[in-house]
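Could you walk me through this model in the viewer, one selection at a time? I would like to know what to pick next and what is there.

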Amino acid sequence: MRRPQLDIQLKTPDQIEKMRAAGLVVAEALRRMREAVAPGVTTADLDAIAESTIREAGGVPSFKGYHGFPASICSSVNEQVVHAIPSGEQVLADGDLISIDCGAVLDGWHGDAAITVGVGDVDPALLRMAEVAEDAMWAGIAAAARGAASGKGRLTDISHAVESAVRKGGRYGIVDGYGGHGIGTEMHQDPHVLNHGRPGKGPRLVPGMALAIEPMITMASPRTVELADGWTVVTRDGSVAAHVEHSMALLPDGVWVLTAFDGGRTRLGDLVTARQPAVSAAS
């Protein structure tokens with residue numbers, strides 16, 4: 001079923017269960033890559049870990065071949081914000097900050113998530129920025145859960161919650177033009193989810209909606225430019241950026257963070273659906 005105007009795909013609880021399976025594949029790929037991040041590792045090494053993890057689980061990397069993208073992850077280092085192509089020539093160095101975006105499709109349903117990880121001994125200010133981005137992501141997910149539960153929530157309540165959390169965290173640039181999205185039988189669906197804006201606007205938040213929430217923030221200016229490769233987006237002023245993401249779905253009794261091993265229970269508590277066990281089998 002799809003809602004009119006924005007063509008928003010609403011999922012049944014059983015379809016969301018299938019999305020959860022895809023989400024767990026992504027979660028495991030990101031877990032393995034996080035453990036592998038170290039000085040001397042190349043972004044191509046991380047890409048190989050992601051592809052093997054996804055294929056071992058019976059899935060297909062969502063990114064590979066998507067509009068011609070040549071890899072299974074986006075590996076954005078320092079001033080690279082998003083969509084950077086992994087390379088054997090990009091060697092991680094002590095002090096780098098890397099954002100890893102990964103997607104998988106399993107049985108026709110997509111999962112999509114991103115993490116930002118420090119490499120070796122990293123400036124605490126950069127790690128703090130990554131923490132603020134993650135807090136903002138969870139604030140957006142919580143706003144979606146509360147909005148759906150009340151029956152009064154609107155899409156931009158998520159945007160406003162993300163922006164408010166970033167502003168509370170410090171003086172960071174919120175990257176404009178890039179944001180979250182609907183997800184389901186395609187990786188990118190309606191609606192686009194901005195990371196800033198006034199609340200109370202856009203379509204209602206209702207059970208069946210599945211969204212990827214993904215703040216992208218910088219240490220300074222939010223302005224970006226796309227490089228000549230047609231993919232890599234970097235900050236215009238060269239400042240370091242952070243990007244995090246989870247895919248989540250709204251159910252009649254709560255939210256399910258599909259790409260988190262614990263379904264979001266640790267961060268969201270009773271906002272999480274009963275379909276997610278209180279104690280996760282994975283960690």
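This is a predicted model: local features need pLDDT of at least 70, side-chain atom pairs count only at pLDDT 80 or more; totals for chains, interfaces and linings use all residues.

**Stop 1: helix H3**

Start by selecting residues 124-150, which make up helix H3.

Now go to the N-terminal end of H3, which is capped by Asp-123. Show its side chain: one of the oxygens lies 2.9 Å from the backbone nitrogen of Ala-125. Past the other end, pick Gly-151, the residue that follows H3. Its phi is positive, near 80 degrees.

**Stop 2: the largest nonpolar core**

Which residues touch the most other members of the largest nonpolar core? They are Ile-141, Ile-158, Ile-213 and Ile-217, out of 40 residues in that core. H3 provides the largest share, with 13 residues. At least two residues each also come from H4, strand E11 (210-213), strand E16 (246-251) and strand E17 (254-257).

Centre the view on Ile-141. Leaving aside residues up to four places away in sequence, Ile-141 is in contact with Ile-213, His-246, Met-248, Val-255, Val-257 and Leu-268. There is also a second, separate core of 23 residues; to find it, select some of its members, including Val-25, Val-26, Val-41 and Leu-106.

**Stop 3: Thr-156 in helix H4**

Next, select residues 155-169 for helix H4 and highlight Thr-156 within it. Is Thr-156 buried or exposed? The relative accessible area of Thr-156 is 17%, and since buried means under 20%, Thr-156 counts as buried. Beyond residues up to four places away in sequence, its contacts are Arg-198, Pro-199, Gly-200 and Lys-201.

**Stop 4**

Move to residues 73-77, strand E4, where 5 of 5 residues are buried. Look along the strand: Ile-73, Ser-75 and Val-77 point one way, while Cys-74 and Ser-76 point the other way. In a regular strand, side chains alternate between the two faces of the sheet. Both sets in E4 are buried.

For a landmark, find Ser-75 and look across to Ile-100 in E6, which stands opposite.

**Stop 5: the sheet E5-E14-E13**

Select the three strands of this open sheet, which pair in the antiparallel sense in the order E5-E14-E13. Strand E5 (80-82) and strand E13 (224-226) are at the edges; each has a single partner strand, so one side of each has no neighbour in the sheet. On average, neighbouring strands here are turned by 40 degrees against each other, direction ignored.

Zoom in on E13 and strand E14 (residues 233-235), which are joined by 3 bridges in the antiparallel sense. Val-225 has Val-234 in E14 as its bridge partner.

**Stop 6: the sheet E8-E12-E15**

For the last stop, pick another open sheet of 3 strands, ordered E8-E12-E15 and antiparallel. Why is one side of E8 and of E15 left without a neighbour in the sheet? Strand E8 (173-174) and strand E15 (241-243) stand at the edges, and each has a single partner strand.

Finish on E8 and strand E12 (residues 216-218), an antiparallel pair with 2 bridges. Here the bridge partner of Ile-174 is Ile-217 in E12. You have already met Ile-217 among the residues that touch the most other members of the largest nonpolar core.

Definitions and conventions:
Residues are numbered from 1 along each chain as its sequence is written. Side-chain values use heavy atoms; hydrogens and water are left out. Helices (H or I, at least four residues) and strands (E, at least two) are DSSP runs, numbered from the N terminus. Buried means under 20% relative accessible area, exposed over 50%, partly exposed in between (1.4 Å probe, protein chains only). Contact means heavy atoms within 4.5 Å. Two strands pair if DSSP finds at least two bridges between them. Axes are lines fitted to C-alpha atoms, for helices over the stretch in contact, and angles run from 0 to 180 degrees between N-to-C directions. A nonpolar core is a set of buried Ala, Val, Leu, Ile, Met, Phe, Trp, Tyr and Cys residues joined through side-chain atoms within 4.5 Å. A polar contact is a pair of N or O atoms within 3.5 Å; within protein, one must be able to donate a hydrogen and the other to accept it, and residues adjacent in sequence count only if both atoms are side-chain atoms.
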